[in-house]
Amino acid sequence: MLRLVVIALAVVALAAGCGGQGGKLVVGVKFDQPGLGLKKPDGTMSGFDVDVARYVARQLGYSADDIVWVEAPAGQREMLIRNGQVDYIVANYSITDARKKKVGFAGPYLIAGQSLLVRAGETGITGPQSLQHNKKLCSVAGSTAAQLIKDRYPGVQLQRYDTYSACVEALKNGAVDAVSTDDVILAGYAAQSPGAFKLVGKPFSTEKYGIGLKKDNTPLRNKVDDAIEKMERDGSWKMFFEKNFGASGLAVPKPPVVDRY
């Protein structure tokens, strides 16, 4: 009987196109980004990426209780996917040509733009050009935000931290002058500490967030793309956006068109 149960679980996992272990779905998300992916003190998960990940899981035949959440820091995402440690990653994972050589992407499910977060009383920083005058900027190692700043603004004193929460703490205590990453990420931190920070300047990049998975897992990628399109059609996508970013003042954009890479 036990052997039959194991076989049945294997068949279910195969049908979903996932490597779900023991009937579980292993999903990588951020644990420290309010509004996107946040692990609360009681162990529960919240955020737009988390809501998207749960929705996709339901379309693949998994309940919320079937999900095993794994932290996916920016610099470790490719490794987690390629080593088979996760079934997919929903962690503000920008789709780039360089990354597509290593992993597969479904989506995009959200389009963001890189921006700057500064202390509320800061008047000398109005955009990325302002940073080239002996200003210290924090971003995360392995992120597209850090690479863009390095490429476009070589005069900036770029500090690379492991997480954006560490960057925001450094901004709070004066160790750095600004934090740069996507506007939706920064808005989440600003909303978490009312009156402490502000976003400045206009977004200076376009970041397409995709759901990362194994490069050769075409069946799973197609199923996830189907789920994203359904989420956008049935109103769930708009509901998730308003729920997670409404307090920050970000206007609800149009859902992106799924590219089917």
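**Domains, cores and cavities**

The domain assignment of the protein chain gives domain 1 (25-111 + 208-246) and domain 2 (114-200). The model is predicted.

Q: How far apart are the centres of domain 1 and domain 2, taken over C-alpha atoms, and how many residues does each domain bring to the contact?
A: The two centres are separated by 24 Å. In the contact, domain 1 takes part with 16 residues and domain 2 with 14 residues. A residue counts here when its heavy atoms come within 4.5 Å of the partner.

Q: Which members of the largest nonpolar core touch the most other members?
A: The core has 53 residues, of which Phe48, Val52, Tyr88, Tyr109, Leu117 and Ile211 touch the most other members. Helix α2 (residues 48-59) contributes the largest share of this core, with 7 residues.

Q: Why is this core said to lie between domain 1 and domain 2?
A: Both domain 1 (25-111 + 208-246) and domain 2 (114-200) give residues to this core, so it lies between them. A further core of 14 residues lies apart from it, and includes Val118, Tyr153, Ala178 and Phe204.

Q: With which residues is Tyr88 in contact, leaving aside its neighbours within four places in sequence?
A: The contacts of Tyr88 are Leu25, Val26, Val27, Gly28, Ala53, Val56, Ala57, Leu60, Ile211, Gly212 and Leu213.

Q: What makes Ser236 count as buried?
A: Buried means under 20% relative accessible area. Ser236 has 12% relative accessibility, and therefore counts as buried. Ser236 is found in helix α9 (residues 236-245). Not counting residues up to four places away in sequence, Ser236 touches Tyr55 and Met231. The C-alpha atom of Ser236 is 9.2 Å from that of Asp51, although the two residues are 185 residues apart along the chain.

Q: Why is Asn92 called buried, and what is its phi?
A: The cut-off for a buried residue is under 20%. The relative accessible area of Asn92 is 6%, so Asn92 is buried. Its phi is positive, at about 35 degrees, although Asn92 is not a glycine. This residue is found in strand β6.

Q: What is the peptide bond from Gly107 to Pro108, cis or trans?
A: The bond is cis, with omega near 10 degrees. Pro108 lies in strand β7 (residues 104-112).

Q: Why can a space in this model be called a cavity rather than a pocket, and how many cavities of 30 Å³ or more does the structure hold?
A: A space is a cavity because a 1.4 Å probe fits but cannot get out, whereas a pocket is open. The structure holds 2 cavities of 30 Å³ or more.

Q: Which residues lie nearest the centre of the largest cavity, and which domains supply its lining?
A: Of its 13 lining residues, Asn92, Ser143, Thr144, Tyr164 and Asp182 lie nearest the centre. By class, the lining has 5 nonpolar, 5 polar and 3 charged residues. Its largest share, 3 residues, comes from β6. Domain 1 and domain 2 each supply at least three residues of the lining.

Q: What lines the second largest cavity?
A: Lys30, Asp32, Gln33, Glu71, Pro73, Ala74, Val140, Asp162, Thr163 and Tyr164 line it. They comprise 4 nonpolar, 2 polar and 4 charged residues.

Definitions and conventions:
Residues are numbered from 1 along each chain as its sequence is written. This is a predicted model: local features need pLDDT of at least 70, side-chain atom pairs count only at pLDDT 80 or more; totals for chains, interfaces and linings use all residues. Side-chain values use heavy atoms; hydrogens and water are left out. On a 1 Å grid over the protein atoms alone, a cavity is a set of points where a 1.4 Å probe fits but cannot get out, and a pocket is an open set with protein on both sides within 12 Å along at least five of seven lines; lining residues have an atom within 4 Å of a point. Grid points are joined across faces, edges and corners, and a volume is the space filled by probe spheres set on the points. Helices (H or I, at least four residues) and strands (E, at least two) are DSSP runs, numbered from the N terminus. Ala, Val, Leu, Ile, Met, Phe, Trp, Tyr, Cys and Pro count as nonpolar, Asp, Glu, Lys and Arg as charged, and the others, Gly among them, as polar. Domain bounds come from an automatic or database domain assignment. A nonpolar core is a set of buried Ala, Val, Leu, Ile, Met, Phe, Trp, Tyr and Cys residues joined through side-chain atoms within 4.5 Å. Buried means under 20% relative accessible area, exposed over 50%, partly exposed in between (1.4 Å probe, protein chains only).
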